[in-house]
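Colleague: Could you take a close look at one part of this model for me? I'd like to hear how the pieces there sit against each other.

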There are 2 protein chains.
Amino acid sequence: MRVEVVAIGTELLLGQITDTNSSWMGEHFAMAGIDSHFQVKVGDNQERMVSALRIALNRSDAVVCCGGLGPTQDDITREAIAEVMGVELVRRPEIVDRIRAMFESRGRVMAENNARQADVPVGATVIDQVRGTAPGLICPLTVDGVEKVIYAVPGVPYEMTDFMERVIIPDLQRRSGEQAVIRSRTLRTWGKAESTIAEMVAPRLDALDRPGAPAATIAFLASGIEGIKVRITAKAATDDAVRAVLDHEERELRAILGDLVFGVDDETMEVVVGALLAGRGLTLAVAESVTGGLVSSRLVAVPGASQWYRGAVVSYASQVKFDVLGVPEGPVVTGDAAAAMAAGVAERLGADVGLSLTGVAGPDTQEGQPVGTVFVGVSDARGTVVAEFKVPGDRERIRQFATISAVDFLRRHLLATSA
Amino acid sequence: MRVEVVAIGTELLLGQITDTNSSWMGEHFAMAGIDSHFQVKVGDNQERMVSALRIALNRSDAVVCCGGLGPTQDDITREAIAEVMGVELVRRPEIVDRIRAMFESRGRVMAENNARQADVPVGATVIDQVRGTAPGLICPLTVDGVEKVIYAVPGVPYEMTDFMERVIIPDLQRRSGEQAVIRSRTLRTWGKAESTIAEMVAPRLDALDRPGAPAATIAFLASGIEGIKVRITAKAATDDAVRAVLDHEERELRAILGDLVFGVDDETMEVVVGALLAGRGLTLAVAESVTGGLVSSRLVAVPGASQWYRGAVVSYASQVKFDVLGVPEGPVVTGDAAAAMAAGVAERLGADVGLSLTGVAGPDTQEGQPVGTVFVGVSDARGTVVAEFKVPGDRERIRQFATISAVDFLRRHLLATSA
């Protein structure tokens, strides 16, 4: 079973919108064990849409059309699919009624244009809409004597993902007869470069290439402020069997990578640190200058942060460090300043733990310190510790890497000082 | 002249990387007046790459291949292009020498694999590399008696953009014989929904459709924390003529949109407010809770922010509002609390102007206020003003919209109180 994505919309070709839908679909096809060899973008032009669909149907078993199901005259995906199927469009009154009811439930009147969204190619099945006004379509057809299928979903990501997860991916799996279960698990790391992580893991990659090894692959992905990801993908006959392979590979990788691994799957560094703080009953305050509020805004994004987060002082001007945080007057890009900031913010904001950052994001050096120098401090009841980091990149990347480095430093401190 | 993008890489199909290169190219083709009707993604598989290239060459005059020029065995774009051209690859010693010299200049030894990057199809022209090790390629070929061309560039965006801007787009323009100059200008707005902006501008769109109107188009793009963008694209014979059209359309749109327009092109809301503060010799401090540091981190990203920015207090816990900012104990999601926060942070951090935000990002209501309620305060020598906003979306979108709404409120306040 091979599926191909045809993303529709002139705004995609013009670069006004980046096509993230195809990426999402590609990832979810892979997770579902469905091959996908091509993805195509085409504008709102029926002749070219029909051509793209025909090429796709020649080389794939299924095509997902994304976009062009809206109410306006340039939304012609329904027409293009009907032309490829060689059938007419028929307006379904029950769909018109449902769209009208959706508008009325929001206190609005349906524009007559929206009735176009109830047009369905003869022979197609409708996928009920839950999140928007456009229904999805399942359009079976025969190409050179082979049964194939075109699916149509709206281009709004929030609507698209619903149709894909609820109906289309299960339908593709059913058609493919794929019995194997394919699952991924991502270990998130921080502290070493991607190439170093890859070198460390190379022996395990070699072992997986040998005959009789578990059906698993390992891939690496540098993800900026999200860390370096190491993704295990495994295939097995059952859910239990695939989980056993993933568990085994996770143990192998953790034995190699140790405390470089900070989280799994969706666990960000902030989520992990939040859980450590909450588990110890500790509260946190942050003092930051070089990162300007980025550390704090990441921490606040963690669900339940109000349990353990007090707040922050962004001491961008040196005088704020002296006046509000009690840093002694003098140089501010030093370990001593970081220590005083961490202790000062914990005291001022009434937190158990203070985390601080001071550094140089550039473009110019500051106090003789080169661009990329960052001092991080952690202060708690046992005292204050400081570390110096050299982070690469331009201003924005320095801030991102400084943020994850600082929160990772706090993580290691909390782990090392656990009761 | 029609050009097509073929983006190469299995990681694109698997959704491990979102293909932003194609979007960038699409936008720049449009700006250069070059048509582009299709974009294709294909994995690192020579047979499928060759098939995608042949289909592209049948319907377009030029193809830009992006990716697959790296040093490893799965980088086979050179091989695929040579197969389509029906020629051999020849290793060019002078390119090997240049790659070796690039490694040596960074204190590293060239891996032998990198010599593959010096392989060039017979008949192709090399585009010298400036930013990476892989050179670009210009590969002329004849399809059904028509002269066409394949360009190859690396998938690293920083390298790709250099090849495109320096050589490939000018080469495409030369081949197309396009003499006209096409330029865009973007007006950034905040304060009304995209549909409202579109309604307001509709008469001008109609005027541009009439015979004899300037050769200009107007498009709308909702860009979250960056505001709603209104893009004018104009075409004329010379640089001066196209600038005159853009100036005229900008005047027309500003007459319609008034102070909804906060900036042009790359001017973010923070840049505009920073310039207003610097021009008035004022300093700013921020007190934020619901946005958790996001407002502050945006302000710090403005070049030269240290001239006018003092810092922030993120008063996530109510007690921090009371203790550090001097907010009277009581409800904290109120206009009075916002006013006290703004005055308190200006006083504590020694700033001329205080900006504050307090609100409810959800998922739960707080103090009986619904999710999406945000109070913004501005305090300066003349007193304190407060506004209430209702912003839509989930937690993350509420924080983004609250941030731009608050900084826009400060912008309008500064404009209204100008001497």
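This is a predicted model: local features need pLDDT of at least 70, side-chain atom pairs count only at pLDDT 80 or more; totals for chains, interfaces and linings use all residues.

**A helix pair and a strand in chain B**

Modeller: In chain B, helix α2 (residues 20-31) packs against helix α6 (residues 157-176) at an angle of about 30 degrees, and their axes are 11 Å apart. Angles under 35 degrees count as roughly parallel, so that is how α2(B) and α6(B) run relative to each other. The crossing of α2(B) past α6(B) is right-handed. On the α2(B) side, the residues making the contact are N21(B), W24(B), M25(B), H28(B) and F29(B). What they meet in α6(B) is P157(B), M160(B), T161(B), M164(B), E165(B), I169(B) and L172(B). Sorted by class, this contact of α2(B) with α6(B) comprises eight nonpolar residues, three polar ones and one charged one.

Now for the strand. Strand β2 (residues 38-42) of chain B has five of its five residues buried, so the rest of the structure largely encloses it. F38(B), V40(B) and V42(B) point one way from β2(B), while Q39(B) and K41(B) point the other way, and all are buried.

As for its neighbours, β2(B) pairs with strand β1 (residues 3-8) of chain B in the parallel sense, over four bridges. There, I8(B) has V42(B) as its bridge partner. Across to the other chain, β2(B) pairs with strand β2 (residues 38-42) of chain A in the antiparallel sense, over five bridges. V42(B) turns up here too, as the bridge partner of F38(A).

Notes:
Residues are numbered from 1 along each chain as its sequence is written. Chains are lettered from A and ligands numbered from 1 in the order in which they are written. Side-chain values use heavy atoms; hydrogens and water are left out. Axes are lines fitted to C-alpha atoms, for helices over the stretch in contact, and angles run from 0 to 180 degrees between N-to-C directions. Helices (H or I, at least four residues) and strands (E, at least two) are DSSP runs, numbered from the N terminus. Angles under 35 degrees count as roughly parallel, over 145 as roughly antiparallel, 65 to 115 as roughly perpendicular and the rest as oblique. A crossing is left-handed if the near helix is turned anticlockwise from the far one by less than a right angle, and right-handed if clockwise. Contact means heavy atoms within 4.5 Å. Ala, Val, Leu, Ile, Met, Phe, Trp, Tyr, Cys and Pro count as nonpolar, Asp, Glu, Lys and Arg as charged, and the others, Gly among them, as polar. Buried means under 20% relative accessible area, exposed over 50%, partly exposed in between (1.4 Å probe, protein chains only). Two strands pair if DSSP finds at least two bridges between them.
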